[in-house]
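Subject: Structure for your review

Dear colleague,

Please find below the structure I am handing over to you, with the sequence alongside. My notes on it follow.

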Amino acid sequence: MTFSDHLVSTGPGLDAGQLRPRKLYRIWHDGFVALADEGSLRSLRRELVSGQAVADARGPYTVLADRLDERGAQHELDVEVTWTEPGLRVEVAAILSLRHTPGDPRAAWLLAAAASRPWRPEFEPPAERLGFAARADACDSGGLAVDARRLNIINEDTQRDEVAALLSQSITSPVRATALLVINRAAVVADVRGWSGMVQVVVIDEGLRQAINARVPLAQQLPSGYRLYAAPCDQQPDTIVAASMTETQLMDLPREELLQPLLHWRRRAKIPVPWQQDAALTGWLDRDDPFHPAPPETPAAESEARQLRRELEQTRRSLDISQRAHAELQRRHATDAAELDRLRARTVDLAHAATLAEENAQLHETVARYATALEDTEDDLAQALRRITHLLTTAGQPISADVPAAPPREYASFPALLAAARATFGNLTITAAEESARALDEDGKAAVWRARAWAALSTLDSYAAARTSGSAAGGGVVTLREFIRTGQPGALISMQALKLSESDTVTSNDRLRAARVFPVPVEVDSSGYGFFGAHIALEKFKPPAPRLHFLDDTGRSGLLCVGYLGSHLPNTRTN
């Protein structure tokens, strides 16, 4: 029985004409090769079909078929070969396909190989048997050299930036079909050979490691030991050894343990998308027996085969579209079913919906009444507190007639109020925009808010005057909080309405903080902008809960700025 007889044999109970199909183990890798001119593809064909004894290869190969087609917009070269390694009891069939668009300095290539036994690291790489690995102008799809027979040790005198750029590009390439083992020479110095087309090995120094890490994302950083970057098409995690290892420790790791998983993963990896539509390559991959030439086709049969391939491709596309449509229908069905279940669950509560809505409206009305009553009570308490404080402050002095407070001013709109405030309150710098204030005029409580806004502005103006002149009752300069709490002359608002700063969640959030930055004079801030965290509430509970934001710089520049009058600015609860 010949070597081939071991690969395809008749089993028990089978007729001699019935052959048991051999099991094939396929791998592939792809990349690009530089072409000097338009005739380079023909020259490459001559090398492949005539160079039966490739230098440094373990043995020759047999050309089963070759095809060069330069008639279309894309030139195509396909070479089918076989060889055997009797010592390893394996037979290999391979196809090297090259595709070149005229004018492009490079041609795309894919080398697929089928073995009669599972691939092992001691098998000769197909790229080496064909002599393709020895070509200096051939690289994988990620830019790595195909030839892995020599250890790549990057010396310190090498152009570090160029090497760092090349390795960084290869590490981050999403189409790289070759695994990359990068070893830090500071931790490991060992002769670890790769496998041409499947894994490339590079040894670098510490400086180059740092240069590469500066170029790649954090998730792809090189450790102090070594890292095996798996090819993205294999969909496997990288192998990372961060701790330093001695040469002896690394050499104790059998080369087979490093390479065997890569060969196993590649058997399951899909060929790149551009090649999945290539009729010649996919036809070879679909063949049950690539170890013998395909039967010759007559012109009529060839035409029929092309037509069948086109129909097959159309059927595949239609099937793919149908599968996607079916998946979308399933997704929609699941969504509709979930929505139906939700609606059914809600149906149980529909009988109570009207009652719940009415109760909710009543609760809102009750809360609104309590809020209004609370604010009125706070205003009454504030007035009483100011009166008591004033009596205590003036104790022992002649009692003067109680002058009734002037009635609050009324304005038709907030812009009119701001214009009057600018003309009236000389101790305030009002930069608030009219647009945000004008929006408040549409609310039913606008008149109440305008009265409170005028009281707030009047209080700030009186405070600024007392602050700059030091004329507060009782002597000395007071803070705004003390000014209001002690009922100083001109203090017309309650302590409950005043808030001198925002919460940490607002000040630490860039977006929320930026919403409270408004223009200020350069005397306050040379940038022309300041943060207005202090504010007075014109309405505490009911939206839009208007606010008046101010910046107190009376202690430094003597200015008190009003930067905003309008609806409540965004915070963590409202956004």
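In this predicted model, strand S10 covers residues 226-229. Tyr 226 and Leu 228 point one way from S10, while Arg 227 and Tyr 229 point the other way. All four of these residues are buried. In a regular strand, side chains alternate between the two faces of the sheet.

S10 has two antiparallel partners. With strand S8 (residues 179-184) it pairs over four bridges, and Leu 228 is the bridge partner of Leu 181. Three bridges join S10 to strand S11 (residues 239-241), also in the antiparallel sense; here Arg 227 has Ile 240 in S11 as its bridge partner.

Elsewhere, five strands form an open sheet of mixed pairing, in the order S12-S18-S17-S16-S13. Its edge strands, S12 (428-430) and S13 (498-499), each pair on one side only. Within this sheet, S17 (residues 547-553) and S18 (residues 559-566) are antiparallel and share seven bridges, with Asp 552 standing opposite Leu 560 in S18.

I would also draw your attention to Ser 141, which lies in the loop between strand S6 (138-140) and strand S7 (152-153). Its relative accessible area is 14%, and therefore Ser 141 counts as buried, the cut-off being under 20%. The side chain of Ser 141 reaches the backbone oxygen of Val 175 at 2.5 Å and the backbone nitrogen of Ala 177 at 3.3 Å. Beyond its neighbours within four places in sequence, Ser 141 is in contact with residues including Asp 30, Gly 31, Phe 32, Ser 173 and Arg 176.

With kind regards

Methods: Residues are numbered from 1 along each chain as its sequence is written. This is a predicted model: local features need pLDDT of at least 70, side-chain atom pairs count only at pLDDT 80 or more; totals for chains, interfaces and linings use all residues. Side-chain values use heavy atoms; hydrogens and water are left out. Buried means under 20% relative accessible area, exposed over 50%, partly exposed in between (1.4 Å probe, protein chains only). Two strands pair if DSSP finds at least two bridges between them. A polar contact is a pair of N or O atoms within 3.5 Å; within protein, one must be able to donate a hydrogen and the other to accept it, and residues adjacent in sequence count only if both atoms are side-chain atoms. Contact means heavy atoms within 4.5 Å.
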